[in-house]
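Here are my notes for your next look at the model.

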Amino acid sequence: MNNKVLVTGGTGYIGSHTVVELLEKDFEVYIIDNLSNSRIEVLDGIYAITGKQSEFEKFDLCDQDRLRTFFKNNKDIGSIIHFAAYKAVGESVEKPLKYYRNNLLSLMNLLDGMEEFHIPNLVFSSSCTVYGQAENLPVTEKTPIKPAESPYGNTKQISEEIIQDTVYSSKFIKSVSLRYFNPIGAHPSALIGELPMGVPDNLVPYITQTGIGIRDFLRVFGNDYNTPDGSAIRDYLHVVDLAKAHVMAIERLFEKKSTPSYEVFNLGTGKGVSVFEMIKSFERVSGRKLNLKVLDRRPGDIEKIWADTRHANNELGWKTESSLDEAVKTAWDWEKHYRKSNL
Ligand code: UD1
């Protein structure tokens with residue numbers, strides 16, 4: 001087994017946690033990241049946790065010449081985990097071309113590179129956003145894909161199609177798309193975690209920033225949904241559990257001997273948690289009370305979604321290990337650690 005893995009977006013939130021899990025399983029890791037939404041210091045955190053170095057190059061995957069040079073210089077890479085992409089739903093509505101250009105061009109450049117340099121394995125970072133508001137819950141991998149609610153969501157759908165078509169036309173490329181539900185939390189060491197630039201869009205970083213006093217109050221987007229407590233429901237999973245699934249996906253690709261091979265897995269806990277339940281979890285683990293303001297629903301938000309995880313459990317052999325409170329505690333520990341060392 002060729003144990004050299006290229007992780008694009010490896011200094012980002014899910015990418016950095018995945019690099020840690022790969023290094024701990026003795027994979028050799030190459031990271032390409034343009035640092036557009038992450039910091040170089042993340043590499044220090046990865047090293048502090050694992051005691052191992054990964055190779056890092058800073059450039060944009062849209063630069064195909066630069067990417068070809070990278071592959072020419074590193075001919076022994078066997079697998080790619082592709083995280084690098086823009087992911088802000090709201091911004092994608094304002095600047096759709098920025099999202100289509102970046103997210104699709106970078107993927108196509110990688111696939112060209114895989115063909116040219118004979119790299120067989122691709123794990124793609126997809127999202128449950130492809131299901132939209134599903135009629136039946138929980139969602140399985142066979143739940144129909146809905147027209148995307150945002151250009152960001154559309155880039156995930158189109159990317160999956162591009163990969164599938166490429167796999168079916170190729171003699172050797174195999175791929176797994178992982179559809180994440182809502183990743184939260186941080187590494188238990190608190191040495192790496194989620195580092196939103198500016199005001200966070202996502203719920204958990206907004207909660208921890210409110211808890212530590214950076215935000216005056218938490219905005220609860222809607223309490224009139226058709227859910228038991230009126231707030232929206234998501235399936236929140238610990239980022240370390242999610243990271244481990246990527247290692248398992250790579251191992252699975254190595255086991256697949258025949259092509260074409262393209263698979264999709266939902267990655268979640270299988271349990272829906274409301275915004276108010278998430279707030280209670282934070283208050284339990286932190287011992288702090290949050291100021292709340294209930295606002296209107298956020299445009300584009302769905303009411304509820306959670307995963308049917310049987311396919312990932314049975315085929316990939318993966319399931320989440322952390323409870324909600326454990327995952328939220330790591331987010332809180334990270335927030336405290338990060339603020340202490342950056343004030
Ligand atoms: C969204 C995308 C997901 C994407 C992710 C990346 C959809 C349906 N989901 O997840 O595909 O991968 O962003 O960033 O497009 N909330 C508050 N107050 C806040 C923030 C959020 O009440 O300050 C609520 C939201 O209304 C939602 C829940 O918390 O009900 C989770 O929101 P968020 O963490 O932003 O994730 P999604 O919108 O589910």
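1. Let me begin with a term: a crossing is left-handed if the near helix is turned anticlockwise from the far one by less than a right angle, and right-handed if clockwise. The helices and strands named below are DSSP runs (H or I of at least four residues for helices, E of at least two for strands), numbered from the N terminus.

2. A word on the source. This is a predicted model, in which local features need pLDDT of at least 70 and side-chain atom pairs count only at pLDDT 80 or more, while totals for chains, interfaces and linings use all residues. Residues are numbered from 1 along each chain as its sequence is written, and side-chain values use heavy atoms, with hydrogens and water left out.

3. Now to the helix α9 and its partner α11. α9 (residues 275-286) passes α11 (residues 324-341) in a right-handed crossing. Their axes are 9 Å apart and the packing angle is about 65°, which makes α9 roughly perpendicular to α11. Axes here are lines fitted to C-alpha atoms, for helices over the stretch in contact, and angles run from 0 to 180 degrees between N-to-C directions. Angles under 35 degrees count as roughly parallel, over 145 as roughly antiparallel, 65 to 115 as roughly perpendicular and the rest as oblique.

4. Which residues of α9 and α11 meet? From α9 come M278, S281, F282, R284, V285 and S286, and from α11 come L324, D325, V328, K329 and W332; contact means heavy atoms within 4.5 Å. This contact divides into six nonpolar, two polar and three charged residues. In that count, Ala, Val, Leu, Ile, Met, Phe, Trp, Tyr, Cys and Pro are nonpolar, Asp, Glu, Lys and Arg are charged, and the others, Gly among them, are polar.

5. Helix α7 (residues 203-212) packs with α9 at about 40°, the axes being 11 Å apart, and the two are therefore oblique to each other. Their crossing is right-handed. L203, V204, I207, T208 and G211 of α7 meet V275, M278, I279 and F282 of α9. By class, that contact has seven nonpolar, two polar and no charged residues.

6. α7 also packs with α11, at an angle of about 55° and with axes 10 Å apart. Here too the pair is therefore oblique, and the crossing is right-handed. On the α7 side you will find V204, P205, T208, Q209, G211 and I212, which meet A331, W332, E335, K336 and R339 of α11. The classes in this contact are five nonpolar, three polar and three charged residues.

7. Of the 19 residues around the ligand (a heavy atom within 4 Å), L203, R219, R234, R298 and D301 come nearest. An N or O atom in the side chain of R234 is 2.6 Å from a ligand oxygen. For the side chain of S127 the corresponding distance is 2.9 Å, and a polar backbone atom of F221 is 3.0 Å from an oxygen atom of the ligand.

8. Finally, some backbone details to check. A cis peptide bond with omega of about -5° joins L137 and P138, and P138 lies in the loop between β5 (121-127) and α6 (151-169). Another cis peptide bond joins T259 and P260, with omega about 0°; P260 sits in the loop between α8 (239-255) and β11 (261-267). D26 has a positive phi of about 70° although it is not a glycine, and its place is the loop between α1 (13-24) and β2 (28-32).

Definitions and conventions:
A polar contact is a pair of N or O atoms within 3.5 Å; within protein, one must be able to donate a hydrogen and the other to accept it, and residues adjacent in sequence count only if both atoms are side-chain atoms.
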